[in-house]
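Student: Hi! Please help me get my bearings with this protein.
Tutor: Happy to, here it is.

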Amino acid sequence: MKNYRFVLLTVLLLWIKTYIVYKTSFDIKIESWKQEFILFINPLSFLLFIFGLSLFMKEKRRNRYIVITSFLISFVLYANVMFYRFFNDFITIPVLFQTSNMGDLGNSVFELMRFSDLFFFADVALLAWFIYKKMPIAAYVPATKRTRRAYFFVTVAIALFNLGLAETERPELLTRTFDREMLIKNLGMYNYHIYDIILQSRSKAQRVLADSSELADIQNYVNANEKEPNKDLFGIAKGRNVIIVSMESLQSFVINNTVNGQEITPFLNDFIKQSYYFDNFYHQTGQGKTSDAEFLIENSLYPLGRGAVFFTHATNEYNATPEILKKYGYYTAVFHANNKSFWNRDLMYQSLGYDRYFSLTDFEVNEENSVGWGLKDIPFFEQSVQHLKTLPQPFYAKFITLTNHFPFELDEEDRMVPEYTSNSRTLNRYFPTVRYMDEALKVFIEQLKKEGLYEKSIIIMYGDHYGISENHNKAMAQYLGKEEITPFDHVQLQRVPLIIHIPGVTDKHPKVISKVSGQIDVKPTLLHLLGIDTKNDIHFGEDLFAEDKMDFAVLRDGSFITKDYVYTKNACYDKKTGLEVDASHCEPYMEKARQELEYSDKIVYGDLLRFYNKQLEKKHQK
């Protein structure tokens, strides 16, 4: 026992620390004593194996290995906590490769840090102190072959026991790669990351091994689900400029709502009365957030369950809206006052077919006109319109706002509504930044009218992703006047605004459209409004105006919404009551949800559109 007591102490400290973090820093749903027991034991086999390797080392090397490895594992744990505090999700390998973003995160990271975070490294300091003071427990006793063999036999037995128990609790566990909480609850944080490395290696191999035969089933599925466009609206915006605005972190619950008696979005409330407004429209983003929303809107493909397509597959071939519109004489541009390389946009925009990217260097940014993540939205739009009026027409132009971004900072002189009062600083500060963005959108429309661009355009505004995560459910319940935010409520909070405004058309006949829809539906909708046929395009969205459009939206975590039901976290809810009902009500849609995510992933991982584009080229040559 003496020859590995220091190893066991190291394992014990990290094991207990990990379990404490599970219970205090993550919202992992536990439904039975068996799930709690699995959660408790799941870090053990990994820790025993990793630190058991030190039994093969000499004293100095062993001590160095234990301290450094403890620090690295603690860092991985802490990184997941930091990531979870904002994204309510766990880190994946592709996200770790997005380190070029870290320099731009700035205040967001510091906002998430707490003094109590020192706890994450307390055991590392304790182990180092034991070694430095040459405490008896850290004394080195060489391990014999027999003791090593016994040690690893126990380690393997614990690992197999953990996996077997997890499989009885959650059959087909390892096929549910989109459900990271489920994997961590059953496999453990550290084993999950090992599994994630395997998944990453497999996804890299998918492109190499992919061939055109994989497209057949996907094409059949897409063709079978193609909906005829609305005859009255097809081509109603033909030849117009297209202006798309990505409204940062804007959720639908603020629309037509107030804070402390004051309107949060007075401009948008009025603009909606002159537009087609979709009040049952969901964001479908994953870990890529704003970049995922861009990917969805312009490709009508789902983002990946791990990482961001903008990083992992920026050089793929796509048939994105900008590239399609270039064939119809459009000039394509995107406006975003951030570094070109942030989220790998400089590369991805080329793949999407943009002619021009107006990035940070194209704007005048100084201390007075910036806050938080950079240039404030009002000067951003004012400067952008000056660039916009120089573009050849017709143009397709996308604008990405910044001010309403976590941590929702705003100068005192820009606050038009007071902060909310709750236990969440994030929610409290959210309302003033939303109000500021609303004012910026008003300025933008006024500028378009002033420059003579408004009447010639179709304007689409959409919320890109949530701004308030599940970590602030208590404060959200307070604001919404609910006792608690249930899983059903959480899915409903993933609704974001979609506004389609066609001057001379929608202002005469505005509509509120309540069909269930998502960001994946925007591409075919826009192309049909412009009079462009989409029958030769692979996409998973449906025209929002199609008469037989299905009430259906799939979220990236596998949740889905239909006309009458919501399915999330392995439970089915009735939309009228918000109460859980028998799963049989949701079963007819489960296969469709699973299949769409799977087919879309195949397209992205295998870069399958390269084969499809060659097929189209051959058809045109004939």
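Student: Let's start with I16. Is I16 buried, partly exposed or exposed?
Tutor: I16 counts as partly exposed, because its relative accessibility is 34%. Buried means under 20% relative accessible area, exposed means over 50%, and partly exposed is in between, using a 1.4 Å probe and protein chains only. Keep in mind that this is a predicted model, where local features need pLDDT of at least 70 and side-chain atom pairs count only at pLDDT 80 or more, while totals for chains, interfaces and linings use all residues. Residues are numbered from 1 along each chain as its sequence is written, and side-chain values use heavy atoms, with hydrogens and water left out.

Student: Got it. Where is the place of I16?
Tutor: I16 belongs to helix α1, which covers residues 5-25. Helices (H or I, at least four residues) and strands (E, at least two) are DSSP runs, numbered from the N terminus.

Student: And which residues make the nonpolar surface patch with I16?
Tutor: I16 makes that patch together with L12, I20 and F119, and the patch has an area of about 300 Å². Patch residues have over 30% relative accessible area and no salt bridge; like charges are joined within 9 Å, and nonpolar side chains (Val, Leu, Ile, Met, Phe, Trp, Tyr) within 5 Å. The areas come from the Shrake-Rupley method with a 1.4 Å probe, and for residues only the protein chains shown count as cover.

Student: You said salt bridge. How many does the structure hold?
Tutor: There are 25 salt bridges in it. A salt bridge is a side-chain nitrogen of Lys or Arg within 4 Å of a carboxyl oxygen of Asp or Glu.

Student: Why would side chains pair like that?
Tutor: Side chains of opposite charge can pair when their charged atoms come close.

Student: Show me one. What do the side chains of K17 and D123 meet in?
Tutor: A salt bridge, with 2.7 Å from N to O. K17 is in helix α1 and D123 is in helix α8 (residues 122-132), so this pair ties together parts that are 106 residues apart in sequence.

Student: Are K17 and D123 buried or exposed?
Tutor: Both K17 and D123 are buried.

Student: Another one, please. Which residue forms a salt bridge with D521?
Tutor: K549 does, and the closest N and O atoms are 3.7 Å apart. D521 sits in the loop between β14 (517-518) and α22 (522-529), and K549 in the loop between α22 and β15 (552-554), so the pair ties together parts that are 28 residues apart in sequence. D521 is buried because its relative accessible area is 3%. K549 is buried too, at 4%.

Student: What about K592 and E596, where do they lie?
Tutor: They both lie in helix α23 (residues 587-606), 4 residues apart, which is about one turn of the helix. K592 is buried, with a relative accessible area of 13%, and E596 counts as buried at 4% relative accessibility.

Student: Which residues are linked in a network of salt bridges?
Tutor: E294, E298, R345 and K398 form such a network.

Student: Last one: where is T265 found?
Tutor: In the loop between β3 (262-263) and α13 (266-272). T265 counts as buried, because its relative accessibility is 0%. The C-alpha atoms of T265 and Q386 are separated by 25 Å, and these two residues are 121 residues apart along the chain.
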